[in-house]
Amino acid sequence: MGWPLAVSAGLMEKSPRALLGALGALSAGHLLATFLVLLPFALLLALAEWQRPIQLGASLLVIGFGAYRLIDQRHPRALARIPPTQLALWSFAVAIAHGAALMLVPIYLGLCQAADLDAAHQAAGALVTANLAMAVLVSLVHVLAMVAAGGCLAWLVYRYLGLKFVSRSWFNLDAVWAASLVLVGAAALAFNLVSWR
């Protein structure tokens, strides 16, 4: 969701290089945040005897954070324009606040361990829980996909559409994101409670 800042940097500097530089800084911050979120889950899964309580707690945490974001939708005005020198720090802080890598947490919550899921989900669960190197690889692939998607949007808006298009067509991505957190957390909680019995 940092691509509008990349557009802003490009438009303010009147340079595609500024847009690309902003995407680089945003990528660095998001990657660091993804590592920070995934690392504890990768390490905690090694503690097999605590796996169930950790999964239940993480499910409740995801649900609680999603519900909080649905209720409190304010954004600080100070974050409207971030200087290019602080984009990596901004990306890290916002990725942590918005739950970087939480979309990858269902693998760690046990959704991919259920017997009735397809082979691809079971394989993803086995790969990601295999070791820390795989968690790092998942983080890198996630950030590359995020930068590719956000970078394409930023470039299209910067080069062809402009700010009028963004201001007229904007919808609340935060609400969609928060609702998806609640749904994923609830699904993980349900799977864990059903498999516990």
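A: Happy to! This is a predicted model. Among contacts between residues at least 6 apart in sequence, 83% join residues at least 24 apart.

Q: And what does the secondary structure of the chain come to?
A: The chain has eight helices and zero strands. Along the sequence that reads α-α-α-α-α-α-α-α.

Q: How much of the chain counts as buried?
A: Of its 197 residues, 39% are buried. As for the surface, the chain exposes about 11400 Å², and 72% of that comes from carbon and sulfur atoms.

Q: Let's zoom in on H3. How many residues does it have, and how far does it reach?
A: Helix H3 covers residues 51-71, so to speak 21 residues, and spans 30 Å from its first C-alpha to its last, close to the 30 Å expected at 1.5 Å a residue.

Q: Which residues of H3 are buried?
A: Gln-55, Leu-56, Ala-58, Ser-59, Val-62, Gly-66 and Arg-69. They sit on the same side of H3, because they cover an arc of only 165° around the axis.

Q: What about the other side of H3?
A: Leu-61 and Ile-71 are there, and they are exposed.

Q: Switching topic: where does Ser-15 lie?
A: Ser-15 is in the loop between helix H1 (3-13) and helix H2 (16-44).

Q: Buried or exposed, and why?
A: Ser-15 counts as buried, because its relative accessibility is 18% and the cut-off for buried is under 20%.

Q: Which residues does Ser-15 touch, leaving out those up to four places away in sequence?
A: Gly-10 and Tyr-158.

Conventions. Residues numbered from 1 in each chain as written. Predicted model: local features only at pLDDT ≥ 70, side-chain atom pairs only at ≥ 80, totals over all residues. Heavy atoms only, no water. Helix = DSSP H or I, 4+ residues; strand = E, 2+ residues; numbered from the N terminus. Expected span 1.5 Å × (residues − 1). Buried < 20%, exposed > 50% of the residue type's maximum accessible area, 1.4 Å probe, protein only. Arc of directions from axis to C-beta. Contact = heavy atoms within 4.5 Å. Areas by Shrake-Rupley, 256 points an atom, 1.4 Å probe, with all protein chains shown as cover.
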